[in-house]
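The items are grouped by topic.

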Amino acid sequence: MLKIITDKSAYQFSPELATDTISYDLPLTLFGKQWYIMDDYWMKHVHLKITDRCNAACPFCIEQNSHIKENKGLFLANVRRLLDEMDAQGHLATVSITGGEPALCNYVGEVLDMVKSHNCFLNINTNFSRFIVSSLQPSWLNISCHTLGKDDYCRLAELREERIAEYRRLNPDTMIRIQCVLHEKGLQSIDEMLAFMEHYKDCVDDFSFRRLITLDKPAEDDLLQQFKHYLFYNAELVEQVLKDYYVYETWRLNGTLITLSHSNMGLLCRMEENEPDNLLREIVVHPDGHISGSWYRNRKVICSAE
């Protein structure tokens with residue numbers, strides 16, 4: 001399924017996701033093998049999972065039990081070849097640097113400079129405990145923050161506006177987003193979500209809220225679903241995108257941009273079990289340089305680290 005909705009009258013509160021209308025027919029040659037991707041800007045995307053190390057302890061993180069040893073030489077070599085090959089074929093659009101906490105990797109600046117030399121859209125996902133220094137600025141900095149004040153549950157220090165202002169001074173062309181996972185020890189009501197946004201609205205460009213990643217459809221009465229109803233009656237719908245195994249939507253509330261998202265990993269697993277091995281909806285580079293076309297490391301192996 002690929003559907004973009006901009007009219008509130010067509011908005012879906014609980015969409016049923018499916019993939020029967022998506023065509024992955026754009027050929028892409030990587031590391032001597034032919035693959036197929038969808039001809040869509042946001043699907044021409046590479047995730048650089050630069051490290052599994054993290055100084056936070058978010059119990060809902062799907063990467064918390066991943067402990068792949070870093071291999072700087074192979075990681076840099078394979079990322080360079082991957083980006084060069086995609087760029088040469090006109091299929092490199094966006095890159096995300098993630099982890100773990102990417103700031104803990106001592107060569108993350110080299111990776112940023114390599115990515116930005118391709119002049120593509122670059123996201124960095126970070127808990128903002130440290131600044132990531134690069135000679136080139138990312139397009140977006142996505143800061144993980146799940147509550148106001150110090151977050152003892154996730155072992156995260158309070159996100160201070162002064163630190164955001166300092167980063168913006170050093171990176172004036174970078175857009176800044178706060179990414180908030182709604183969970184049992186975080187924000188508990190719509191009023192708390194609104195207070196959270198009010199507190200940070202003058203120092204960031206966007207807020208992103210998402211559910212915990214689940215293996216199947218979440219409950220109808222969870223907080224994100226309640227917030228959708230609040231926004232429907234109080235905010236402007238920019239767009240709702242239904243694509244593959246996830247929903248992504250953007251709203252504008254009193255001038256503040258808000259994105260909501262949910263991924264159904266159970267659906268993704270079922271889809272990948274019943275589709276050709278040469279179809280790519282993800283490209284993920286792991287800390288040891290291993291590249292796969294799935295978040296499941298051993299599926300659709302593009303380049304092995306062995």
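Arg 177 has Asp 206 of strand β9 as its bridge partner in this predicted model. Strand β8 (residues 175-181) and β9 run parallel and are joined by five bridges. Strand β9, at residues 206-210, has four of its five residues buried, so the rest of the structure largely encloses it.

**Strand pairing around β9**

- Strand β9 also pairs with strand β12 (residues 256-263), in the parallel sense, through four bridges.
- Within β12, Ser 261 is the bridge partner of Arg 210.
- A right-handed β-α-β unit is formed by β8, helix α4 (residues 190-200) and β9.
- In a regular strand, side chains alternate between the two faces of the sheet.

**Packing of α4 against α5**

- Helix α4 packs on helix α5 (residues 223-234) at an angle of about 70°, and their axes are 10 Å apart.
- Because angles of 65 to 115 degrees count as roughly perpendicular, α4 is roughly perpendicular to α5.
- On the α4 side, the contact is made by Ile 190, Met 193, Leu 194 and Met 197.
- On the α5 side, the contact is made by Leu 223, Gln 226, Phe 227 and Tyr 230.

**Burial of α2**

- Helix α2 spans residues 108-116, and seven of its nine residues are buried, so the rest of the structure largely encloses this helix.
- The buried residues of α2 are Val 108, Gly 109, Val 111, Leu 112, Met 114, Val 115 and Lys 116.
- The cover over these buried residues includes the strands β4 (45-49), β5 (94-98) and β6 (121-126).
- Helix α1 (72-88) is also among the elements that cover the buried residues of α2.

**Nonpolar cores**

- The largest nonpolar core consists of 69 residues.
- Leu 30, Val 46, Leu 48, Phe 209 and Ile 283 have the most contacts inside this core.
- Helix α1 gives the most to this core, contributing six residues.
- Apart from this core lies another, of nine residues, including Leu 17, Leu 242, Tyr 245 and Leu 268.

**Contacts of Leu 30**

- Leu 30 is one of the residues with the most contacts inside the largest nonpolar core.
- With its neighbours within four places in sequence left aside, Leu 30 is in contact with Trp 35, Leu 82, Glu 85 and Met 86, among others.
- Leu 280, Ile 283 and Ile 302 are also in contact with Leu 30.
- Ile 283, like Leu 30, is listed among the residues with the most contacts inside the core.

Methods: Residues numbered from 1 in each chain as written. Predicted model: local features only at pLDDT ≥ 70, side-chain atom pairs only at ≥ 80, totals over all residues. Heavy atoms only, no water. Buried < 20%, exposed > 50% of the residue type's maximum accessible area, 1.4 Å probe, protein only. Helix = DSSP H or I, 4+ residues; strand = E, 2+ residues; numbered from the N terminus. Contact = heavy atoms within 4.5 Å. Pairing = 2+ DSSP bridges. Right-handed = clockwise from strand over helix to strand, strands pointing away. Core = buried A, V, L, I, M, F, W, Y, C linked by side-chain atoms within 4.5 Å. Axes fitted to C-alpha atoms, helices over the stretch in contact; angles between N-to-C directions. Parallel < 35°, antiparallel > 145°, perpendicular 65-115°, else oblique.
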